[in-house]
Amino acid sequence: MATIVDIAVNTPGFSTLVTAVKVANLVDALQSAGPFTVFAPNDDAFAKLPDGTITSLVQNPPQLARILKYHVLAGAYTAAELKKMGVVTSLEGSTIPIHGETPLEVKNATVLAADLQADNGIIHVIDTVILMGLDPAHSFQDTDVPYR
């Protein structure tokens, strides 16, 4: 079998993710023993970002690394395990809500392919780059307002 990075490098549709991981200096970390769970945005997911976003992130490797770490969990979790958890904490430190049955949703992204096994973890391919912050599906409540 191969590492998470090896699978991304050798699978069509992950060229943007591979470039981002290299620029963010995360290759060695994602080739380590882990185990990790990676929510891997495909090239189409990166293409959904507003114009100029990828260029800006490439010019700011620390911010890019932070966003990429938000896509990674410590530990290897299958889709079935994630469904039971409901919320997980990323390596970046923020929580990620897990919704739905089929298809599984990770924050505002849909899992297109689940449970791709690697030597050092599991990959779930997602259709949207997920970002830290408020879940777009979240309904606002009075407690969400920082001031009155």
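## Confidence of the model

The chain has an average pLDDT of 88, and 90% of the residues score at least 70; pLDDT is the predictor's confidence in each residue, from 0 to 100. The model is predicted, so local features need pLDDT of at least 70 and side-chain atom pairs count only at pLDDT 80 or more, while totals for chains, interfaces and linings use all residues. Residues are numbered from 1 along each chain as its sequence is written, and side-chain values use heavy atoms, with hydrogens and water left out.

Over residues 135–148 pLDDT stays under 50. For this stretch the model has nine contacts beyond four places in sequence (contact: heavy atoms within 4.5 Å).

## The sheet

An open sheet of mixed pairing is formed by seven strands in the order S2-S1-S7-S6-S5-S4-S3. Strands (E, at least two residues) and helices (H or I, at least four) are DSSP runs numbered from the N terminus, and two strands pair if DSSP finds at least two bridges between them. Strand S2 (72–74) and strand S3 (87–89) are the edge strands, each pairing on one side only.

Five bridges join strand S6 (residues 109–118) to strand S7 (residues 121–126) in the antiparallel sense. Ala-113 stands opposite Val-125 in S7.

## The lining of the largest cavity

The largest cavity is lined by Phe-46, Leu-49, Leu-57, Leu-64, Ile-67, Leu-68 and Val-129. A cavity is a set of points on a 1 Å grid over the protein atoms alone where a 1.4 Å probe fits but cannot get out, and lining residues have an atom within 4 Å of a point. Helix H6 (residues 61–69) gives the most to this lining, with three residues.

Key
1 Å grid on protein atoms, 1.4 Å probe; cavity = no way out; pocket = protein on both sides within 12 Å on 5 of 7 lines; lining within 4 Å.
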